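Visitor: I'm new to this one. Could you pick a single part and take me through it slowly?

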Amino acid sequence: MAATEETRDEERLPSAGGRDGERHATDRPAAGERAGKRFTRRRALLLGGGAVVAAGATAVAAREELAYWWWRLPGNSRPRKEGEVDFAGAQWSAASPANYRQAGRPDDYTVDRVVVHVVQGSFATALKVFRDPFHEASAHYVVRGDGHVAQAVRELDVAFHAGNRGYNERSVGIEHAGFVDRPESFTPDMYAASARLTAGICRRYGFPADREHIVGHIEVPGTDHTDPGPHWDWDRYLTLVRAELRRPAPRA
């Protein structure tokens, strides 16, 4: 089931690369050598180039931060209507605003993942806890055994479902009613409806239907959850998602 964003705001994806601010031992003057003698024109150019690179990195970070805050300023949020859904035919069942963060995806955060969850309970239980402001977690969608789909958070927004801030920002979370240790929870109607839902997400954001981009909650870095569990049939699910993607895109 969805994890809280307490792990959400504190856990971040590891930074790539090394510590760019560290000097190498070879950059230090040799014993007894004057620092001024070492400061050649070439070194000045290298330092200047490093400053340009650092300035560029700072500018990129500033743009990303500005994009994030832009959608939080009054009057700049994406147009929204109460009850509007991203998946045709879904039931709207709004999560508490305490359980997600308003955003402007994909303009502020790139969306390139679907995270598959299992509720460890019923469809009604999932929607109930998502409405509870003290729960501190939600997912974008919940799929019932008969294939009925509810949407609790708009895809524009960051649901607190993965227990990892970076994954929350880049993914759409889909809960499935049932229990990880009960294979009967995962019905043909559930697989079919969830596959249509995931195919639509892949199509909207332009990422492939593969196991890099469609993952289980257990695969999110830093999580302590085990869903969707050993009875979730990944081969079947991806086959259904890809079959949906081969169909003509539904008209809006």
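Guide: Let's start with Val114. Leaving aside its neighbours within four places in sequence, Val114 is in contact (heavy atoms within 4.5 Å) with Val172, Ile174, Thr198, Ile201, Phe207, His213, Ile214 and Val215. A quick word on what you're looking at: this is a predicted model, where local features need pLDDT of at least 70 and side-chain atom pairs count only at pLDDT 80 or more, while totals for chains, interfaces and linings use all residues. Residues are numbered from 1 along each chain as its sequence is written, and side-chain values use heavy atoms, with hydrogens and water left out.

Back to Val114, which lies in strand S3. Helices (H or I, at least four residues) and strands (E, at least two) are DSSP runs, numbered from the N terminus. Val114 has a relative accessible area of 0%, so it counts as buried; that word means under 20%, with exposed over 50% and partly exposed in between (1.4 Å probe, protein chains only).

Now widen the view to S3, residues 113-116. Val114 and Val116 point one way, Arg113 and Val115 the other, and all are buried. S3 also has partners, and two strands pair if DSSP finds at least two bridges between them. With strand S7 (residues 171-176), S3 pairs in the parallel sense over four bridges, and Val116 has Ile174 as its bridge partner there. Strand S8 (residues 214-216) runs parallel to S3 too, joined by three bridges; in S8, Ile214 is the bridge partner of Val114.

One last thing to find: Tyr167 is 53 residues from Val114 in sequence, yet their C-alpha atoms are 9.4 Å apart in space.
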